[in-house]
Amino acid sequence: MINLSVKLKQYQDAIDKSNIVSKTDIEGYITFVNDEFCNISGYSREELIGKPHSIVRHPDVPSENFKILWKTILAKKVHKGIVKNRAKDGSSFYLNTTIIPILDENGDIEEFVAIRHNVTEVVLLNERLLKTQNELKELNASLEQKVAEQTKKLIDLNKNLEQRVLQEVVKNEEKTRLMFQQSRLANMGEMLANIAHQWRQPLNELSIDLFRLKQSCEPNSEFMEIYDHSKSVIKGMSNTIEDFRNFFNSNTQKENFPVYEALNNAIIMLQRTLEKEDIKLDFNCDKEASVSGYKNELAQVFVNLFTNTRDAFRDVNITNKVIKISIKKLKDNVKIKICDNAGGIKEEVKDKIFEPYFTTKHPSVGTGLGLYMNKKIIEKLNGDISVKNVKGGTCFEINIPTKGDKGNQDE
């Protein structure tokens, strides 16, 4: 027969090797731990003996849980539960714990024995399954809404598809017309270049003939005055041809140029027309105010504005026709103002004048592209153009940054 104490020792070894075991005194200080407890907690036996069992307590566990635990075991009852613990390296582990009060012969609590099983993998698996289950629940809950949203988007897309196609067609037509307009200007430049070439030789021959006549005349004769006048006229014609040729010449690179030069080029183009219409120009210009861009394009802006003003004067009965032109260099930009006394723009159309193909003129007179092109040219210079009615007329204001960015537009 095997001795009873030997059997008990074997039972103790079996429990010790298959479970995580610890003992504490009635105050909760550790008096014994087996190897399995040391392995899972990461502490050595020396680090655990004499320490409170809270050494492995995880901060995530509510303190209320431990109050219930102590209330149970101090009442000499067995406590069971799954407890989250923290190892020495900070990692977490879960133990299915049974705490048994050990009583002495008087029925008083002598110590507590805790027997545990490692259920970390099971708990973590359950947490993952629960998380996945919640995600699937949320996905299912939102799936119908997402389907409804996507369906609505498709319906809206189908509804707007025809409108978008029409808008793109209009945009393409607009680009095509602008290309024709630019092509027309390029052809005019080529035509003027041919005219300049054809006229320059006859003008040279005329100048030579005048010089020969001068040589055959007396130095103080009346012909000398006629000669000087004729030479001036020939020179003026030659300069005018060159000015027109340069105006329509397409610049391929940006340049820094005084705004006044672009203004002057535009005035040369329209000088005879303005004089014929008895329109006076009133200048207040800083001739050194410069911007970076395409001089001929900015000149085209002035031409369009002056042409519109000329047409506006034709619709009003006024004798003192004046266009006031101001060019001012501010801190970071150049401000241009072109104001007239031609009666102003009707308020109901003022917000539409920069739209393509909008015009109040007869189709034989205007295309509705002039001010739209002005807006595009100024935006190309990173500037802006606006219009307002002033007393007796209209005032266009243009702001162009001097450094390629929109600058300070306050005076």
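Which residue forms a salt bridge with Arg-310, and how far apart are the closest N and O atoms? The partner is Asp-311, and the closest N and O atoms are 3.0 Å apart.

1. Basis of the note. This is a predicted model, in which local features need pLDDT of at least 70 and side-chain atom pairs count only at pLDDT 80 or more, while totals for chains, interfaces and linings use all residues. Residues are numbered from 1 along each chain as its sequence is written, and side-chain values use heavy atoms, with hydrogens and water left out.

2. Salt bridges in general. A salt bridge here is a side-chain nitrogen of Lys or Arg within 4 Å of a carboxyl oxygen of Asp or Glu. Side chains of opposite charge can pair when their charged atoms come close. The structure holds twelve salt bridges.

3. The network around Arg-310. Salt bridges link Glu-277, Arg-310, Asp-311 and Arg-314 in a network. Both Arg-310 and Asp-311 are buried (under 20% relative accessible area; exposed is over 50% and partly exposed is in between, with a 1.4 Å probe and protein chains only). Helices (H or I, at least four residues) and strands (E, at least two) are DSSP runs, numbered from the N terminus. Arg-314 is partly exposed at 48% relative accessible area, whereas Glu-277 is buried at 18%.

4. Lys-295 and Glu-261. What is the N to O distance in the salt bridge between Lys-295 and Glu-261? The distance is 2.8 Å. Lys-295 counts as buried, with 17% relative accessibility, while Glu-261 is partly exposed, with a relative accessible area of 34%.

5. In what order do the strands of the open sheet stand? The order of the five strands is 2-1-5-4-3, with antiparallel pairing; two strands pair if DSSP finds at least two bridges between them. Strand 2 (30-33) and strand 3 (79-86) are the edge strands, each pairing on one side only. Neighbouring strands of this sheet are turned by 30° against each other on average, direction ignored. Axes are lines fitted to C-alpha atoms, for helices over the stretch in contact, and angles run from 0 to 180 degrees between N-to-C directions.

6. Strands 4 and 5, and helix 4. Strand 4 (residues 92-103) and strand 5 (residues 109-118) run antiparallel and are joined by nine bridges. Ile-100 has Val-113 in strand 5 as its bridge partner. Helix 4 (residues 63-74) packs on the sheet and touches strand 3, strand 4 and strand 5, where contact means heavy atoms within 4.5 Å. The direction of helix 4 makes about 125° with that of strand 5.

7. Strand 12 and its partners. Nine of the nine residues of strand 12 (residues 393-401) are buried, so strand 12 is largely enclosed by the rest of the structure. Seven bridges join strand 12 to strand 10 (residues 333-340) in an antiparallel run, and Ile-338 stands opposite Phe-396. Strand 11 (residues 384-390) also pairs with strand 12 in the antiparallel sense, over seven bridges, and here Ser-386 stands opposite Glu-397. Strand 11 and strand 12 form a hairpin with two residues between them, and Gly-392 in the turn has a positive phi of about 85°.
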